[in-house]
Amino acid sequence: MKELIHLKNISKACGGKLILDDLTLTIHENEFVTLLGPSGCGKTTTLRILGGFESPDKGQVLFGGRDITSLPPNKRNLNMVFQNYALFTHMTVADNIAFGLRIRKKDSAYITEKIRGALKLVNLEGFENRSVKTLSGGQQQRIAIARAIVNEPRVLLLDEPLGALDLKLRQDMQYELIRLKNELGITFVYVTHDQQEALTMSDTIVVMNQGCIQQTGSPEKIYNEPENAFVADFIGDSNLFAAVMVRDRLVAVGEFIKTDNNGCPDHPDSPPFIPS
Ligand SMILES: Nc1ncnc2c1ncn2[C@@H]1O[C@H](COP(=O)(O)OP(=O)(O)OP(=O)(O)O)[C@@H](O)[C@H]1O
Ligand SMILES: [Mg+2]
């Protein structure tokens with residue numbers, strides 16, 4: 001896959017506290033990248049820096065090889081769905097969705113069609129004239145997604161976009177987002193607390209803790225081969241044991257030995273084990 005975005009040695013401090021610590025990350029075209037990590041680890045801050053809503057103290061944001069670190073959000077070819085939706089509450093649903101299209105001077109027939117299609121996608125057909133103030137949290141969240149996707153950006157930044165939805169709707173929206181990615185070739189940078197969601201939707205998962213990346217890799221890699229105890233503990237349900245890795249595929253736990261050769265330490269490939 002072709003490289004699209006490169007976050008290079010990004011650091012950010014707020015109120016004397018380091019929030020992002022020398023973070024480097026490459027995102028490829030049409031990739032679904034998920035930032036996963038505990039509350040306060042810096043996921044939203046990373047998205048905001050990518051979107052141009054915050055600037056890093058150190059480091060660069062490159063888009064297609066071009067330095068966009070100091071470009072404002074509207075000059076970047078990306079759209080963000082915020083964790084708190086950030087809808088215009090004094091406007092109707094239709095005006096919220098049309099906002100970006102009107103700025104780009106699209107004609108009204110095009111806008112009407114786009115609004116209709118986006119509302120169908122998020123399962124809110126007929127909601128055009130409702131005031132945003134009258135919507136439930138889950139409905140507002142879906143309008144925020146609709147508002148972002150009508151612009152067909154090259155990159156969508158989604159900060160916990162399905163957090164307020166019930167399981168059924170959440171699964172439907174997961175499916176629709178993947179379909180959008182495949183149909184429109186949009187690159188997704190996605191934030192979720194939900195490990196299951198991350199494991200099922202992502203091409204690449206970035207596990208973060210305390211402003212640092214702990215591991216980047218495919219869901220299989222992250223799940224099967226966690227690089228450290230934090231990742232092992234954070235992904236899935238784990239029991240952690242102190243052990244010594246004797247060599248590849250051979251681990252000593254206390255006085256026991258475990259190989260992956262169907263659990264047979266006497267396998268001809270295994271050397272004799274001598275506890276120290
Ligand atoms: N403007 C700010 N001033 C001071 N501290 C800030 C500011 N913005 C963020 N922080 C702190 O930076 C850390 C990372 O915040 P961030 O919002 O990126 O976390 P997050 O990973 O998105 O968390 P959550 O999963 O709860 O949304 C937190 O400790 C937060 O309190
Ligand atoms: Mg957040």
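Ala, Val, Leu, Ile, Met, Phe, Trp, Tyr, Cys and Pro count here as nonpolar, Asp, Glu, Lys and Arg as charged, and the others, Gly among them, as polar. On that scheme the shell around ligand 1 holds three nonpolar residues, eight polar residues and one charged residue. The structure is a predicted model.

**Ligand shell**

The residues surrounding ligand 1 are C14, G15, I19, G37, S39, G40, C41, G42, K43, T44, T45 and Q83. Helix α1, residues 43–51, makes the greatest contribution to this shell, with three residues.

**Helix packing**

Two packed helices are described by the angle between their axes and the distance between the axes. Helix α2 (residues 93–103) packs against helix α3 (residues 108–121) and also against helix α4 (residues 137–149).

| Helix pair | Angle between axes | Axis distance |
|---|---|---|
| α2 and α3 | roughly 130° | within 10 Å |
| α2 and α4 | about 30° | 7 Å |

Angles under 35 degrees count as roughly parallel, so α2 and α4 are placed in that class. The pair α2 and α3 is instead oblique. The crossing of α2 with α3 is right-handed, and α2 also passes α4 in a right-handed crossing.

On the α4 side, V93, N96, I97 and F99 of α2 make the contact with I143, A146 and R147 of α4. This contact of α2 with α4 comprises five nonpolar residues, one polar and one charged.

Towards α3, the α2 residues A94, I97, A98, L101 and R102 meet I111, K114, I115 and A118. By class, this contact of α2 with α3 has seven nonpolar and two charged residues, and no polar ones. I97 of α2 takes part in the contact with α3 and in the contact with α4.

**Strands**

Strands of a sheet pair through backbone hydrogen bonds, either parallel or antiparallel. An open sheet of four strands runs in the order β2-β1-β4-β5, and its pairing is antiparallel. The edge positions belong to β2 (17–28) and β5 (66–67); each has a single partner strand, so one side of each lacks a neighbour in the sheet. Strand β1 (residues 3–14) joins β2 through eight bridges in the antiparallel sense. Within this pairing, I10 has L23 of β2 as its bridge partner.

Strands β11 (residues 244–247) and β12 (residues 250–253) are also antiparallel, and three bridges join them. M245 is bridged to V251 in β12. The hairpin of β11 and β12 has two residues between the strands, and R249 there takes a positive phi near 65°.

Terms used: Residues are numbered from 1 along each chain as its sequence is written. Chains are lettered from A and ligands numbered from 1 in the order in which they are written. This is a predicted model: local features need pLDDT of at least 70, side-chain atom pairs count only at pLDDT 80 or more; totals for chains, interfaces and linings use all residues. A residue is near a molecule or strand if its C-beta atom, placed from the backbone, lies within 6 Å of it. Axes are lines fitted to C-alpha atoms, for helices over the stretch in contact, and angles run from 0 to 180 degrees between N-to-C directions. Angles under 35 degrees count as roughly parallel, over 145 as roughly antiparallel, 65 to 115 as roughly perpendicular and the rest as oblique. A crossing is left-handed if the near helix is turned anticlockwise from the far one by less than a right angle, and right-handed if clockwise. Two residues are in contact if their C-beta atoms, placed from the backbone, lie within 7 Å. Two strands pair if DSSP finds at least two bridges between them.
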